[in-house]
Amino acid sequence: MSSSCYLQQRDQKSFRRRMLSFRLAYIFSYNLFQFCGHTWILANSIARFLTFGQDALADTFYSVGFVMSLCQLFSILELFHIADGIEKARLLPRFIQVMEKNLLLIMVIMLEEIQSKPVVCVLFFLWNILDLLRYPHELLCVMDTPSTAMLWTRYTLWIPLYILSVATEGVTIYQALPYVESTAPNSCLLNSTASAHIHLPVLLMLCLPALTLGAFVTVWQLLKERQQQMDKWNKKMKRK
């Protein structure tokens, strides 16, 4: 082997190592950012509830809405993480989870009347619990120190909590219907050539069966992912 070929291979290996270390540092920083953001949201919400009682429920969005919006906006990057192979997960359930949260959050931002509803506080609380069950597990996996308790919690307790959060999202959409009907124009033009008019609350009502279908697909995919992860963990423990 010539010296030039040897140097070229060595440079390629060095480049791959640098890229691998960069990817690990990036995904660790991302998960740490999300973990810290959701921890702050949850701690802030609990502290406000303990201080002001039920009066804090109406003010939840105004106190943590910006940080919640920031965390959910950055969660779109997770779709690229999975597509690029940085994160090992199923793309379809993550896509459904990310999009339903962001679309619902946009609706809450646009409708000021719904922001003070207690259901928004409950929704934020469930979202934070779900993310605080997932991101610590991801951090431990990046550091190559997975925990049995975190693995079980991530893939077992997470599923019923997700179903509960989807039900809360449906309640939020239902409670938003009167405000959409009162603030939106009577109809919106969706196709100028065909002059098709569809009432906005009808579109919002169509989100409810779509949300149910998306939750069903997500839970089915998560159960398959849970089985795979548990099988991998059992095989790893048997080797030890």
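1. In this predicted model, the largest nonpolar core has 32 residues, and those touching the most other members are Met107, Val120, Phe124, Trp127, Tyr162 and Leu204. At least two residues of this core are supplied by each of helix H2 (60–74), helix H4 (91–110), helix H6 (118–142), H7 and helix H8 (200–239). H7 gives the largest share, 9 residues.

2. Leucine 204 deserves a separate remark. Apart from neighbours within four places in sequence, leucine 204 is in contact with Met107, Ile173, Ala176, Leu177 and Val180. Both Met107 and Leu204 are among the core residues that touch the most other members.

3. Threonine 172 lies in helix H7, which covers residues 148–183. Its relative accessibility is 0%, and because buried means under 20% relative accessible area, threonine 172 counts as buried. Once neighbours within four places in sequence are set aside, the contacts of threonine 172 are Leu104, Met107, Val108, Ile114, Val119 and Leu123.

4. Ile46, Phe49, Leu50 and Phe125 make a nonpolar surface patch of about 410 Å². Helix H1 (residues 3–52) contributes the largest share of this patch, 3 residues.

Terms used: Residues are numbered from 1 along each chain as its sequence is written. This is a predicted model: local features need pLDDT of at least 70, side-chain atom pairs count only at pLDDT 80 or more; totals for chains, interfaces and linings use all residues. Side-chain values use heavy atoms; hydrogens and water are left out. Helices (H or I, at least four residues) and strands (E, at least two) are DSSP runs, numbered from the N terminus. Buried means under 20% relative accessible area, exposed over 50%, partly exposed in between (1.4 Å probe, protein chains only). Contact means heavy atoms within 4.5 Å. Patches are made of residues with over 30% relative accessible area and no salt bridge: like charges are joined within 9 Å, nonpolar side chains (Val, Leu, Ile, Met, Phe, Trp, Tyr) within 5 Å. Accessible areas come from the Shrake-Rupley method with a 1.4 Å probe; for residues, only the protein chains shown count as cover. A salt bridge is a side-chain nitrogen of Lys or Arg within 4 Å of a carboxyl oxygen of Asp or Glu. A nonpolar core is a set of buried Ala, Val, Leu, Ile, Met, Phe, Trp, Tyr and Cys residues joined through side-chain atoms within 4.5 Å.
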